[in-house]
Amino acid sequence: MIWVSWRRQRPQLITLLAMLVVGAGVVVLLRSSMLDSITSSGLTECVTRTTQECSTNKSAGDFRAEWSTRLQLGQAAIIFLPVLIGLFIGAPLFARELEQGTHVLAFTQSVSRTRWMLSKLVVALVPALVVLIALQYLVWWWLTTAGVMGPRVNGSFQVFNFGIEHVSPVAYTLFAFAVGAFVGVVTRRTLVAMIVTLGAFTVLRFALFDVVTRVMTTQREVVTSGLSPTASRDASLVISQGYLDAAGQPIAPDKVGAAVQACKATWTPEGQQEYVACLAKSDLGRRYADFIPESQAWQAHLVDASIYGALAVLLLVGTGWALRRQS
Amino acid sequence: MNPLTATAVGKRYRSRWAVRDCSFTIPEGKVVALVGPNGAGKSTLLGMAAGIVRPTTGGLSAFGTPTAGRTHPDVSYLGQNRSLYHDLTVRELTRAVGSMNDRWSTDRVHEVLGLLTGVDHDAKVGTLSAGTRTQVAIAMALGRLPRLLLLDEPLSDLDPLARDETLRIIMTEVADRGTTVVMSSHLLTDLREVCDHILLVDEGRVQVDGDIEEVLARHRILVGPAADESSVEGTLVSATRTARQSTLLLREAAPTPKGWEGTEPDLESLVMGYLRASRERRR
Amino acid sequence: MNLRSQPDQALPVIAQGLGKKYRRGWALRETSLVVPRNRIVALVGPNGAGKSTLMGLITGLLRPTTGGLTVFGDRPAGKGLHPAVSYLAQQKPLYQQFTVTETLRLGARTNPTWNQDYAEHLVEQAAVPMGAKVGTLSGGQRTRVALALALGKRPSLLLLDEPLADLDPLARETVLRTLVTEARTQGITVVLSSHVLAELEGVCDHLVLLHNGRVLLAGDVNRLSADGTPLGELALNHMRRAAQEEAA
Amino acid sequence: MLADVIEFRIDRRSGVSTYMQIIQQVRQAMRLGLLNPGDRLPSAREVVEATAVNPNTVLKAYRELEREGLVEARRGLGTFVTKSLSSEATTGDDAPLRQELAGWMGRAQQGGLVVEDVDALYSAVRDEHYPAEERS
């Protein structure tokens, strides 16, 4: 049965393999060319840490101008790969069989429908995931070579960085694939399944964008007014910030707004003391920031992945149910 | 255990009933002709027997097991659109279908394909002619070594030579393995020699069900004066009338009255009579 | 005799040394045949014998590789169908979402020789509701509409590729009867391909038997089956013999 | 080869059922001495391969012949002819009755009778001598 699925899905598998080979080649070439450029411009230092010199240096500027777009394209490839896999492998997987009526051939043999479904799923999904993970790793390898001179400088929580790291791409792929498969079985139309997959995936990615921030426990940093919390300067994910009253409770933003407006008059470019004192008088003595430190990004990935993964499993169970009902 | 039993089975597509309240039993070893006009529900009935169409009411059972949602291991089905993997070669297809079956005989498939002239094992299924594809599909169905063979219009896209070849293969299967066959077809002339049981469905219902010889013996065709139809006794199935002459198809007819000529119908005129009657009803 | 100067006198189809080669090989080779006027011609042969190719060449949808043919004295040269020829392909291509009325209007718009009353008469005779969408019609009804579309053009030559393939016996009988009546009363030459030889008996008076791209047998039915052999059996015997010779 | 003793020819257009055709052809062959006691009838499969008819029909015809006591089915071996229907009167080209009939037929031909006339005469005389009820 695995052989049948393999033989039938051979064109897609060959495409995937070609993507992997081409992708790997491109990344390796680009990376080595980038590495040459780093060493020849004497930017090796700037890769590991951000210094004053690195941000003003002309050759560093040239490097960024030359490479940032390419690096972002590399990221984009991994961002879009899950939805592409869902569209071109997940959606047609069952829809095309149902459309062409070839499912009848399998359904009238002695293999059970569930086994038929599983073998098709495994043969389609496993190679897709392998290719995805390989490409994800390659792109990550390339991005780390650029270090803080590349997109990594924005930290793990930056949308594009988050979307291509850790288990997230795998979870997105599973989800996009499962949506495609499920809609394909229900509608029996490849094109409809593809469109719905694209829509559902895009909508859900936006809708679930900040769900992680609500689910995870956050840390709170408190500083006196006039200073800004370190969390909002480093790569941590700041979820909320504002002012605390004497009891340590966050103050409602409209109240803060009114007080700040009132103190604005005392503000001078030379010194902030009076402004700060004014704020303190208005009970805005302390600022706070609730955040998730970058070191806990892996937990965020796991939460994210488990949401998408659970949805994917539900959809695949639904696919199995719909296939058994299908008649 | 009968190969196929239907108990008040019905199937509704949206608002239209394709099959309605059908009950029948197919005895073992019979070759059954499933006949009826276009759209009578023959394909739906066979699909339900194969377990790929889910009945709305009632159910079918193959060898005592309900068929809904699952093809019985002893049943092989040839659907009207033949459903084969067009991107595989005949050889690969044989391997593919074989790997989807617990009981399978590649030898049997090769034997059947060998009897058919001009099947290239290395040709992609999609490049074959419709007739050849049908024959390949039948070979796949026989590779499962079935005890019940369900064939939906197996002859419709075959040329006369291929029809002869194919019927011969199916009949040899019956002779060798005692396989029960149910086949739908519009080609009554071809069915007459090979079928011994008839199931005539129309408007989703079974109209005639029984051994062909017995069914034919129960019917009479009477030809006589149009003015004198009152003397004829029996259930009138259908009639064609001219100004002077009436030709009547009757079921359970009483002895032929004087002035009339009575003959036993052949399969073709029997089926045509029922089809004509159904068309009259629908008007 | 100059055929071109007297198109009315020209025979429906004259083919000389006609051949058609596809990438996979010859579909039709060295075919010479004549289709006489006012006949109902049965075009028979096994799958892949070249029946559809021959029809395609007559309609001008295909271009011959060798030889040539004339249709009513004209050479079909890719300019579209000869005005006197109607062709009904095997799949009976009709727009599923059109109603019968709209389908007939389509025929009227695309054919200068269209006769609306006649087409409507044919549809009415078949008891097909004019307002129904083509997609909702039964196989038999759809064939009748397609036939009305083909005949409404008032052709002198009607080509039908497997017109009966998926019709039930009763529908088949009525379609054939309509066809014969119309052909006889309108003086149309009909070329009809079919796998069901038994049905062509008593309908066709001329036989063209193709095998493997060649004409195996062609001529008047009465002459061919002078010894009383039925048309179907005659054709089947020839096909069988050809198949055996090929195997040997 | 026993299997080649007779071959059935099924005429699909005769209007006579396949079953009756098989019975009639066996009886005919027995009368003409083509089938004699001990001969094996072709197996259902052999008939099917030659004529593409339903094997059940063949078996049904054989059962009818068995009921008439003309043949006997031996398990695993086939169906064998047990009785002789041929007699000197019907076998061979030189049987006296046959020769008389041949002479009569020759005279009819010379007298200008066509096939239909001969058939009509023959059936009329046959029906006189063998009333319908006596025939099987």
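The questions and answers below concern chains B, C and D of a predicted model.

Local features need pLDDT of at least 70 and side-chain atom pairs count only at pLDDT 80 or more, while totals for chains, interfaces and linings use all residues. Residues are numbered from 1 along each chain as its sequence is written, chains are lettered from A and ligands numbered from 1 in the order in which they are written, and side-chain values use heavy atoms, without hydrogens and water.

Reader: How many strands does chain B have?
Author: Helices (H or I, at least four residues) and strands (E, at least two) are DSSP runs, numbered from the N terminus. Chain B has eight helices, and its strands number 14.

Reader: What is the radius of gyration of chain B?
Author: The radius is taken over C-alpha atoms, and the globule rule is 2.2 Å times the number of residues to the power 0.38. For 283 residues a compact globule would come near 19 Å, and chain B agrees with this at 21 Å.

Reader: What share of the residues of chain B count as buried?
Author: Buried means under 20% relative accessible area, exposed over 50%, and partly exposed in between (1.4 Å probe, protein chains only). Of the 283 residues of chain B, the buried share is 59%.

Reader: Is Arg163(B) buried or exposed?
Author: Arg163(B) sits in helix H5 (residues 160-177) of chain B. Contact means heavy atoms within 4.5 Å. Not counting residues up to four places away in sequence, Arg163(B) touches Leu155(B), Leu158(B), Leu187(B), Asp190(B), His195(C), Val196(C) and Leu197(C). Its relative accessibility is 7%, so Arg163(B) counts as buried.

Reader: What is the relative accessible area of Phe63(B)?
Author: Phe63(B) lies in the loop between strand S4 (57-62) and strand S5 (65-66) of chain B. Its phi is near 50°, a positive value in a residue other than glycine. Phe63(B) is buried, and its relative accessible area is 9%.

Reader: Which class of accessibility does Asn212(C) count in?
Author: Asn212(C) is placed in the loop between strand S8 (206-211) and strand S9 (214-220) of chain C. Though not a glycine, Asn212(C) has a positive phi of about 55°. At 35% relative accessibility, Asn212(C) counts as partly exposed.

Reader: What distance separates the centres of domain 1 and domain 2 of chain D?
Author: Domain bounds come from an automatic or database domain assignment. Chain D is divided into domain 1 (18-81) and domain 2 (88-134). Taken over C-alpha atoms, the separation of the two centres is 28 Å.
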